[in-house]
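Take this walk through the model one chain at a time.

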Amino acid sequence: MNSQWIKEQFPILNQEINGHPLVYLDSAATSQKPRAVIDAIKHYYEWDNANVHRGVHTLGSRATDAYEGAREKVAKFIGAKRPEEIVFTRGTTTALNLVASSYGPSVLSEGDEIVITQMEHHSNFIPWQQLALRTGATLKFIPLEQDGTVTVEAAEATITSATKIVAIAYVSNVMGVVHPIKQIADIAHRHGAVIVVDGAQSTPHLKVDVQELGCDFYTLSGHKMCGPTGIGALYGKKALLDSMSPIEFGGEMIDDVGLYESTWKDVPARFEGGTPIIAGAVGLAAAIDFLQEVGMDEIERHERTLAAYAMDRLSQIDGINIYGPNERHVGVVTFNLLDVHPHDVATVLDSFGVAVRAGHHCCQPLMRWLNVSSTARASLYLYNTEQDIDRLASALVQTKEYFA
Amino acid sequence: MTQLDDLYRRVIMDHYKNPRNRGKFDDDTVTVDLNNPTCGDRISLQLKLADGIVEDARFTGEGCSISMSSASMMTEAVKGKKLDEALEFADKFSSLMKGEEVTFDDYEDLEALSGVNKFPARIKCATLAWNALRKGIDHND
């Protein structure tokens, strides 16, 4: 991988923060955008902008082609069988809420089970918690191992014939752990349940094939994978999506509107009421092109190597506590410095031009499990280098000295 | 590092490492539990209010140096003050966070937190304890 070339593709990285060249280590929150994505959105607005699926005019056709082309691109990128299985959403949060609000109540009654983990991001946690409260279903948790991993055995012991929905992230946004989705999907299916996979942190970093993984539903956020904010997608098996009712009503999602009744379009239009996020979809398509140009295998290899380097460098710092397993497949390293609060860590790192996240990372239940109120988190992406990790490590040492 | 030094003045680190009024009262008090949901800081503030005066104040909680030192200073500053004087202090503290020139005549330690206004992301850390104070006094009305 040509690190120099990649870094040059991201204009934002070429700046100084507080007198130091920017080191951006907060990609799990949102990734930076390559020039190709920024240009694609600009080009769309300068040349092709129109509403989709409506206009007979040329711009209307161009916009529609761009939007539906993006759907096809997403479908291929994650290995969906057909483009109709991709519903564009605002992001992973909206996608997961759509499944919980529409599919959830249609299959759950009192006594049924929803199985999740304590490690889920709030967006893959609260929708199920609230759905359980609404339907009288029981919310169950696959117990975590000491190092924060989820084993197939633990999943096997938790999922039962009463389980209707299993919801789990492919990759944890706090510990970078990759969960054994394929095996958990098998267990879910054996018990007649569906599996909903939160792909916000996996899609940017790993090659994903939803069919091979056995996902019934899979979600992604564009902004975490070099695309713009405000666009994401829900993948659902066609038969499942067909069985679901819309939860938002409005323009373009209808078949026929009568005074007292209405009927809906086929999927995915049924779930895309209102003018869709056209420019967002165009940007997402450009992001996928960019990631594929670099190569997902290449990105995964780069991050794995860099994550190992980061684990090695950071674990040598006295008084650092790194959470999660020693081996990382995805570059998320969550840690605390002894006697220095993570906010203070993040503020001092920022004064050295190093951007990390501090807080609970939208994972309060996991923070409780770790028995901390918050942590600092450095998260990597394809544009990070060993020099960035070196800068982080030396800034951390200086942070320690500053507060000593 | 000068801006950093402005943020983390010695007086702040002293309150952080040796917090004043940290702990709990055994008897009846006004208790306010407040979280900063974006970052996980939390404070539990207890106020002894009698005859329109803040007789005593204690706090427990967890958070960064800014939020905990601010809580320590706040409890020191408002002890013995009339309720409206305490609220006036809270207003003055808000002005301080906006970067305005403010002096705290009988509790100058608070002025050390003036550097926080250069760090917008940290202002909510500094104001957590003061928001708890306002809630506690309002609740008592």
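Predicted model: local features only at pLDDT ≥ 70, side-chain atom pairs only at ≥ 80, totals over all residues.

Of the 141 residues of chain B, 39% count as buried. Chain B has five helices and three strands. Along the sequence they run α-α-β-β-β-α-α-α. The radius of gyration is 14 Å, close to the 14 Å that the globule rule gives for 141 residues, so chain B is as compact as a globular protein of that length. Its C-alpha atoms fill a box of roughly 45 × 30 × 25 Å along the principal axes. Now look at how the chain contacts itself. Among contacts in chain B with a separation of 6 or more, 63% join residues 24 or more positions apart.

UniProt, in an unreviewed entry, places the feature "domain: NIF system FeS cluster assembly NifU N-terminal" at residues 8-125 of chain B. That span is 34% helix and 23% strand. Its end C-alpha atoms lie 13 Å apart.

Stay in chain B for one residue. Where does B:Arg20 lie? It sits in the loop between α2 (10-17) and β1 (30-36) of chain B. B:Arg20 has 18 C-beta neighbours inside 10 Å, so it counts as partly exposed; a buried residue would need 20 or more. Leaving out residues up to four places away in sequence, B:Arg20 touches B:His15, B:Ser72, B:Thr75 and B:Glu76. B:Arg20 and B:Ala50 are 30 residues apart in sequence and 21 Å apart in space, C-alpha to C-alpha.

Cross now to chain A. The contact between the chains takes twelve residues from chain A and 14 residues from chain B. On the side of chain A, the elements giving two or more residues are α12 (342-351) and β16 (357-359). The largest share of that side, five residues, comes from α12(A).

Chain A itself is divided. Its domain assignment gives domain 1 (3-30 + 295-403) and domain 2 (38-292). The C-alpha centres of these two domains of chain A lie 28 Å apart.

Finish inside chain A, at strand β5 (residues 113-117). Five of its five residues are buried, so β5(A) is largely enclosed by the rest of the structure. In a regular strand the side chains alternate between the two faces of the sheet. Here both faces are covered. A:Glu113, A:Val115 and A:Thr117 are buried on one side, and A:Ile114 and A:Ile116 are buried on the other.

Which strands pair with β5(A)? One is strand β6 (residues 138-142) of chain A, which pairs with β5(A) in the parallel sense over five bridges. Within that pairing, A:Thr117 has A:Ile142 as its bridge partner. Another is strand β7 (residues 163-169) of chain A, also in the parallel sense, over three bridges. There, A:Val115 has A:Val166 as its bridge partner. β5(A), helix α5 (residues 126-135) of chain A and β6(A) make a right-handed β-α-β unit.

How values were computed. Residues numbered from 1 in each chain as written. Chains lettered and ligands numbered in written order. Buried ≥ 20, exposed ≤ 12 C-beta atoms within 10 Å, placed from the backbone. Helix = DSSP H or I, 4+ residues; strand = E, 2+ residues; numbered from the N terminus. Pairing = 2+ DSSP bridges. Right-handed = clockwise from strand over helix to strand, strands pointing away. Rg over C-alpha atoms; globule rule 2.2 N^0.38 Å. Contact = placed C-beta atoms within 7 Å. UniProt positions renumbered as here; feature names shortened; annotations may be inferred. Domains from an automatic or database assignment.
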